[in-house]
Amino acid sequence: MSLFTRIGELRSAVSGAASDWARDVESVGMVRTSSGRKVSRRNSIQMIAVYACQSLIGDAVASLPVDHYTKINGLKETFDPVRSPRWIRQPNPFQTSYEFWFRVIISLLTDGNAFIYTLRNDRGEVAALYCLHPQYVSILDGPLGDNRFEVSDDQGAVQGVLDRSQILHVPAFTVPGTSRGLSPVDMAREAIGLGLVAEEFGSRFFEQGTAMSGIIEHPGSPRPDEARLLRDMFRKTHAGVKNSHSVGVLTGGAQFKPITLSPEQAQFLETRRFQKTEIALLYRVPAYLVDSSVSSTWGTGIEEQNKFFVDQTLMPWIVRIEQAVSTFLLPGLQYIRFNVDARLRAKTKDRYEAYQVALNNGFLNADEIRAMEDLAPLPKKLGQRYYRPLNLGVVGDEDKASKEEKPSAGQAPPALPVPPVVPDPNADPNAQQDPNLTDHKDDKNADGA
């Protein structure tokens, strides 16, 4: 059976569930909350905070490049792109890597589970990956964790039962005794329902409300036609952008009194702000990324705050996927890594400073750095050299050197160096003098005296 035939059977078996992610029956999964609003995993993204958190995490992870490694003698070595499996660069013929991993992340953020169909060739090697809609997959728990997965179409008809060699299950938050991860949307259904009701209340408030920005108070008792005339003249003079900041004149003792925000309206705004913060807490996203009115006091600056977002928000989702794919889809000591350092690609100065540290300390060479920048290697293998500072030494070598200089017990100390013999300028150059004889110049002078 050819690979393309199996792809066609897969697409017909799941009835579009793998490719048509947007297909979802609105009534499926609908639960009425205490606020009176029905909430499902589909309509939950109508709340802007939910949409913002999911798209923020999904875009951040999907935009990272995926690197393929293997460990040889305990050392990590990058596979050549030609030798790496094609499904790492493009999971399937119909989607890019960005589209595929974005669907995996959104599946985890909504359902709490990601189900990836692994299409294999005749040799049993992975040929393509497809992210199935989690709503159409049910888990049949096995006694030892050897679960099977029942795949249905959008009408509920079972299309097949697949085993772990065909379905890669990546769960999110799980509790003991269950294989299926808990849905963040289900856990926060009440909070999402309250947020949707608050948005609907605000829309109806502006559509049907009778709130006024101010009133004109007249000391007398004007007739209805006089009151309307005063109102229309004031509106004609001051309403609209062109009449903004104009000077108003009221006659007959009339006064304009602005109306401030009522306590009920102020509480409504606080409720909406609190719901945004609560949804951000659900997805562990810093609140200032969801609500611009929230000021962050964590960390010493934007760099520390972005590091917090990577460490606390993105890394748990990234590690889940990395371990699942590396353990069950790659043979031997091969594994994948999402290159989180690629987030520095937009910061040229920081990226080049990191390269400089790596090059000066000898754990990256010029060709490896140029490969990260999508540049060709230097000619004549000049970029394959490693460098290290000359003023550094190996820890412990100074002790070894001192031991070599110091004599051991019972060993005679080394002889002192003999100074060179200085020739006598008054001596006869033709006379042959024994170098072992000492200079008796002073004695001769004493005898002559």
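Let's start at K380, which counts as exposed with a relative accessibility of 78%. In this text, exposed means over 50% relative accessible area, buried means under 20%, and partly exposed is in between, with a 1.4 Å probe and only protein chains considered. Please keep in mind that this is a predicted model, in which local features need pLDDT of at least 70 and side-chain atom pairs count only at pLDDT 80 or more, while totals for chains, interfaces and linings use all residues. Residues are numbered from 1 along each chain as its sequence is written, and side-chain values use heavy atoms, with hydrogens and water left out.

K380 sits in the loop between α11 (366-372) and α12 (397-405). Helices (H or I, at least four residues) and strands (E, at least two) are DSSP runs, numbered from the N terminus. The backbone of K380 is worth a look too: its phi is near 55°, a positive value in a residue other than glycine. As background, most residues other than glycine have a negative phi. R284 also has a positive phi, of about 60°, and R284 is not a glycine either. Its place is the loop between α8 (263-282) and α9 (302-328). With a relative accessible area of 47%, R284 is partly exposed.

Now step back to the whole chain. Its secondary structure comes to 13 helices and 13 strands, and 29% of its 449 residues are buried. The chain exposes about 29,700 Å², of which carbon and sulfur atoms supply 56%; accessible areas come from the Shrake-Rupley method with a 1.4 Å probe, and for residues only the protein chains shown count as cover. Contact means heavy atoms within 4.5 Å. Among contacts between residues at least 6 apart in sequence, 61% join residues at least 24 apart.

Strand β5 (residues 113-120) pairs with β10 in the antiparallel sense over 5 bridges, and I116 has L168 in β10 as its bridge partner.

Strand β8 (residues 148-152) is joined to β7 by 4 bridges, and the two run antiparallel. Here I139 stands opposite F149 in β8.

Strand β7 (residues 137-140) also holds L140, which is partly exposed at a relative accessible area of 31%. Together with V158 and V161, L140 forms a nonpolar patch on the surface, with about 210 Å² of accessible area. Patches are made of residues with over 30% relative accessible area and no salt bridge, joining like charges within 9 Å and nonpolar side chains (Val, Leu, Ile, Met, Phe, Trp, Tyr) within 5 Å. A salt bridge is a side-chain nitrogen of Lys or Arg within 4 Å of a carboxyl oxygen of Asp or Glu.

Key
Pairing = 2+ DSSP bridges.
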